[in-house]
Amino acid sequence: MTAELPPGLAIQKVDERIMTLNVGPQHPGSGHMRIIVQIDGDYIVACDPDPGYVHRGEEKMAEYRNYITNIPHLERPVIHDSCNALYPYVLGVEELLGIEVPERAKYVRVICSELNRCIYIMYWLAIYGIFLGHSTMFMWPAGDRELLIDLMEKISGARVTHAHFVPGGVRNDLPPNFEEVCLRQVNYFEKRIREYAAVFYDNPILISRTQDTGVLSREDAIRLGTTGSVLRASGVSYDLRQKEPYDVYEELDVHSPVMKEGDSYARSKIPWLDMLESCNIIKQALQKMPKSGSVRVKLKPNPKGKGLDSVYKRVESGRGSLGCHIVSDGKVEPYRLKLSVGSFRNLIALPYLLKGEKLGNMPSVYWSLNYWPVEADR
Amino acid sequence: MSSDTETKPAAKPAAKPAAKPAAKPAAKPAAKPAELPAFEKSISDKIVEKFGDKIEVEFVKENRVGIKVNRDDIHDVAEFIRDGLNYDHVESVSGVDYPQDKEIEVVYHIGSYSDSSLAKQLLVLATRAQREENPIPGKDATKLPTLRDIFYSVEFHEREVFEMFGVYFTGHPDNRRLLLPEDWADLPPLRKDFAIKGR
């Protein structure tokens, strides 16, 4: 019977004891995706993630637009981490076109991408909080996020979709007095997020719900090819800002947080520690940044690659390594553009982690993967 | 594979040179071997030493080594990359469609977490599958051996390449669709002959 089905479809046997439950795609707890779980009583025996509800064909669209007009739509998969989403693409195009970026632009990029990382993590933390029933943790990050959004608005003019990075630098220079304002806001932001520990991370209810649930061992984290906070929560110290520094990360002191436990608690704490580290990086970058100078190399209209080439660039985004594989055939459009995103890579861990877990633990495990469905679907 | 290699030289001069982006940089390292980064060169040398002319070194540049293999050999080469060279996970699997060559290239970007000397490195392993003009995904000749038994992390990536390009991975335990709707009945959408309306 199975042989007659078109590929992609399968017939499943129905068990008397096992119940199949569709979580999503309308269920708010699943994000824009469906998680098909099979439960035996209260325990999950199998889980099959079904993404694709927000697949927008970014990769196909990119083949029809030139290197500059690709900028605004490529940040759409993660609008609240838009600088990091564009970063590997911009680095890749620069390598293809052979552009050297001015020093000040590199620092501006680092500041923007660290601000964006915090903005993304605050958004994620708000969702994580509300799905664990902690509504204070929804309100606080959603409010404090505004501090950094205001900064990004000052830099780029847009609150979330900045489209600020362009091949050759950044779109505009920083506004006057930005360093002062930024330092003040970031200092306050840092003081503010430290308070989260008392209300959330040291909260015995959160600890009891997340500790020792969904444990991912170090070996499995490596085998499954996870990335970002999921990988670092399992004791693998791998952060591209340290391992393969791009732009000026080499000159900055980056201490990426690592935890050994590999449970939901560790996975939820790493992004918070990441934010503290981001504040630290922003302050260093503000200090070391050249006070003046060009921030953008002027490109010719419709830039083309030098010929037949392929390039793979990756950066550390809020959700881990974000890679961009660009194949150029010397035309104004990329011949093929592939985004390898952290969310998609971490999704493979979900069936693995949920097996044997209680259904009630599903939100804490699922959201601890730092997963963003729109990015995974592209 | 022999049938592909025979058709390729005939097809290449007729097609625009622009059709084969990835293959060309091989000429560069050969022209100026002195400038090749040493560590990356040592990795590619190890693979060449093991497999000889079964593989082709596509490029050796900073932090990236590009290897091209026949689809019959990819399983052995991948196994050596994991066991002999300590690479342990796949970051990205991208398909690239070359209608002029009647081939679809599948590019694996393989990295390593456990070996700190390889942290910066990515091994770019490329292979090509035969391309059908009228694809029937899963039932035509567009097939490649899966690497899922070697690198577990390719599971979802290969599923994506299957639905987007119609490249069936033989031996993959789960070749269902991932992102596309179950009732998608058109061409695999990332093939070049699938056109966006209005463009």
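**Figure 1. Chain B, overall arrangement.** Among contacts in chain B between residues at least 6 apart in sequence, 58% join residues at least 24 apart; two residues are in contact if their C-beta atoms, placed from the backbone, lie within 7 Å. The structure is a predicted model, in which local features need pLDDT of at least 70 and side-chain atom pairs count only at pLDDT 80 or more, while totals for chains, interfaces and linings use all residues. Residues are numbered from 1 along each chain as its sequence is written, chains are lettered from A and ligands numbered from 1 in the order in which they are written. Chain B holds five helices and seven strands, where helices (H or I, at least four residues) and strands (E, at least two) are DSSP runs numbered from the N terminus. Along the sequence these elements follow the pattern α-α-α-β-β-α-β-β-β-β-α-β. Of the 199 residues of chain B, 44% are buried; a residue is buried if 20 or more other C-beta atoms lie within 10 Å of its own, exposed if 12 or fewer, and partly exposed in between, with C-beta atoms placed from the backbone.

**Figure 2. The five-stranded sheet of chain B.** The strands form an open sheet with mixed pairing, in the order S1-S2-S5-S4-S3 (chain B). Two strands pair if DSSP finds at least two bridges between them. S1 (55-61) and S3 (89-98) of chain B are the edge strands; each has a single partner strand, so one side of each is left without a neighbour in the sheet. From one strand to the next the twist averages 20°. S4 (residues 103-111) and S5 (residues 122-130) of chain B run antiparallel and are joined by eight bridges. Within S5(B), Leu123(B) is the residue opposite Ile110(B).

**Figure 3. Two helices across the chain B sheet.** Helix H3 (residues 38-51) of chain B lies across S1 and S2 (64-69) of chain B, at about 175° to S1(B). Axes are lines fitted to C-alpha atoms, for helices over the stretch in contact, and angles run from 0 to 180 degrees between N-to-C directions. Helix H4 (residues 74-83) of chain B lies across S1, S2, S4 and S5 of chain B, and runs at about 170° to S5(B).

**Figure 4. The side of chain A that touches chain B.** In this interface, 40 residues of chain A are in contact with 42 residues of chain B. Elements of chain A that each supply at least two residues to this side are helices H1 (58-62), H9 (218-223) and H13 (342-347), and strands S6 (308-317), S7 (320-329) and S8 (336-340). S7(A) gives the largest share, six residues. The residues of this side of chain A divide into 16 nonpolar, 13 polar and eleven charged. Ala, Val, Leu, Ile, Met, Phe, Trp, Tyr, Cys and Pro count as nonpolar, Asp, Glu, Lys and Arg as charged, and the others, Gly among them, as polar.

Figure 5. S6(A) and S7(A) form a hairpin with two residues between them. Ten bridges join these antiparallel strands, S6(A) and S7(A), and Ser310(A) stands opposite Val327(A) in S7(A). S7(A) also runs antiparallel to S8(A), to which five bridges join it. Here Cys324(A) is opposite Leu339(A) in S8(A). The hairpin of S7(A) and S8(A) has six residues between the strands, and Gly330(A) takes a positive phi near 85° in it. Ten of the ten residues of S7(A) are buried, so this strand is largely enclosed by the rest of the structure.

**Figure 6. Packing of helices H6 and H12 of chain A.** The axes of H6 (residues 178-194) and H12 (residues 264-288) of chain A come within 10 Å and cross at roughly 160°. H6(A) and H12(A) are therefore roughly antiparallel to each other; angles under 35 degrees count as roughly parallel, over 145 as roughly antiparallel, 65 to 115 as roughly perpendicular and the rest as oblique. Residues making the contact include Cys182(A), Val186(A) and Phe189(A) of H6(A) and Trp272(A), Met275(A) and Ile282(A) of H12(A). The residues of this contact divide into eleven nonpolar, no polar and three charged.

**Figure 7. Surroundings of Leu115(A).** Leu115(A) belongs to helix H4 (residues 103-131) of chain A. Leu115(A) is buried, with 25 other C-beta atoms within 10 Å. Leaving aside neighbours within four places in sequence, Leu115(A) is in contact with Leu148(A), Leu151(A), Met152(A) and Ile282(A).
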